[in-house]
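User: I would like to learn how to read sheets and domain contacts in a model. Please take me through one.

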Amino acid sequence: MKPLNKTTVEKKDLPVKILQFGEGNFLRAFVDWMIDKANNAGVMNHGIIAVQPIGGGENMVKMFKDQDSMYHVYLEGIKDKKPVKEVALVKSIMDIMNPYSQYAEYEKLFLSEGLEMIISNTTEAGIRYEEGDDLNAQPPKSFPAKMTALLHKRYQKFNGAKDKGLLIICCELIEDNGSTLHNYVLKHARHNNLGEGFIDWVNTSCHFYDTLVDRIVPGFPRENIDEIKTEIGFDDNLVVKGEYFHVWAIGGDSIIKEKFPLDKAGLNVLFMDDIKAFRAKKVRILNGSHTAMVPVALQLGCETVMDAFNTPEVEKYINKMVAEEVLPCIDEDPEDLNAFAAKILERFYNPYLKHYLKDISLNSISKWETRDYPTVYDCSKKLDKNAKLTTFSFAALLVLYTGQSAAKNFTPNDTPEFIEFIQKTYDKNNIKGWVAGIVNNKEMWKENFSAVPQFIDEVSKDVELILNHGMQSALQSLIN
């Protein structure tokens, strides 16, 4: 089998315009794959240097070096209800470096004239403010401090030239990711007395973008890597597996659309002034469906999303919930909304991805409040009706967490004191009192669920239905 490097594959040098914090599976199967497609389509000509955001990782650097930073992205999924597969050899990354051991090379990169943008995925914990982080360290510890030091040195090198600011695109899975990073950079600048001139340059010459990213990326396909290597014909140890579906919403000023025209390569990249409405829509439809599905499907013996959607009752339940309760509460053109939802729900039929329900169930208490309660509330306030299907998922969640459910091998992975409260206060002889105690526990919830009339009554009835007749019977009575 051929090695994957410049001796076996032609790879041209591209001008390095992007510094990327992060070299993990998601960025490589999402952002770098997109940039490669745009380069191949002739709408961009952008090379990337990936920078490791934390120390260590020598093995990863070696794998990149051995393969001249090339790798395959192996996508499988559903399109128009038919299986689809795409395999792409990505050549957009020019090199990888660790700033902790290669600081001089790293500084040369971020001070280069041709650099235009920074892309990051430093995990949810990466965008945090650390008091007293040393900006003179090589490099500073936290990502916002690294960014502050980098931008300040660039400001000094180019004497505050307006055209030497950078476009900064964050992919971390937190709300307002770019705006939050921007605020932390300014906070570090003020704390370290870097001057009003620098602060003004950051505010006017640098552009921070909030984004929402969406593609399931399981990563390196260990279980069938030998088959995949045989199929692609290379000994590729950096293969990344992902789903075919992708969407990237980027919010902010219009400069990004001109400088980063991924949409012109036919990619599902959406540029908008503000992504808040898009995020809310996506969270309610996709994430809300996942969170509602989990406690129901687990009690029917399902293990994966695909198992759940192969169960007719669950498939009907989720599709009915989205159509009758979720979508009517979203203020958008119904035709566009239905088309968007259809693409989202089509992903649940993907036979290639093992998306485990127990993994999705992590922190379901806070997830249900964020993703599903807004639908219950809006159905009550906007449509003057009870969201019976969405409410049922809350009852299913409470039953699942009692330890009394049909999902005997399930152990909740959630805030321990909340699980303990649900289990210790459980009273099969006073279900309504038990539900009321949970709903009114102000430690558990930010929202006041009692603002929805009959919420406690409806949940209590559903809990009793599940406990007395089993999940399948309870679900059938709900959807038929």
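**Sheets and domain contacts**

Analyst: Start with an open sheet of 3 strands, in the order β5-β4-β11 and with mixed pairing. Strands (E, at least two residues) and helices (H or I, at least four residues) are DSSP runs numbered from the N terminus, and two strands pair if DSSP finds at least two bridges between them. At the edges stand β5 and β11 (240-243), each with a single partner strand, so one side of each has no neighbour in the sheet. This is a predicted model, in which local features need pLDDT of at least 70 and side-chain atom pairs count only at pLDDT 80 or more, while totals for chains, interfaces and linings use all residues. Residues are numbered from 1 along each chain as its sequence is written, and side-chain values use heavy atoms, with hydrogens and water left out.

User: In which sense do β4 and β5 pair, and over how many bridges?

Analyst: Their pairing is antiparallel, over 9 bridges. Within it, Y74 is opposite V87 in β5.

User: Which strands does helix α2 lie across?

Analyst: Contact means heavy atoms within 4.5 Å. Axes are lines fitted to C-alpha atoms, for helices over the stretch in contact, and angles run from 0 to 180 degrees between N-to-C directions. Helix α2 (residues 31-41) lies across β4 and β5, at about 80° to β5.

User: What is the strand order in the open sheet of 8 strands?

Analyst: The order is β6-β3-β2-β7-β8-β9-β12-β13, with mixed pairing. Here β6 (93-97) and β13 (269-272) are the edge strands; each has a single partner, so one side of each lacks a neighbour in the sheet. Inside the sheet, β7 (residues 117-120) and β8 (residues 167-170) pair in the parallel sense over 4 bridges, and I118 has I168 in β8 as its bridge partner.

User: Where are the domain bounds, and how much area do domain 1 and domain 2 bury between them?

Analyst: Bounds come from an automatic or database domain assignment, here domain 1 (2-273) and domain 2 (277-479). Buried area is the accessible area (1.4 Å probe) that two parts lose on being put together, summed over both. For these domains the value is about 1600 Å², 67% of it on carbon and sulfur atoms.

User: How many salt bridges are there between domain 1 and domain 2?

Analyst: A salt bridge is a side-chain nitrogen of Lys or Arg within 4 Å of a carboxyl oxygen of Asp or Glu. Between domain 1 and domain 2 the count is 2. The side chains of D214 and R347 form a salt bridge at 2.8 Å, N to O. On the side of domain 1 that touches domain 2, β4 (71-79), β5 (82-90), β9 (207-214), β12 (247-251) and β13 each supply at least two residues. The largest share of that side, 4 residues, comes from β4.
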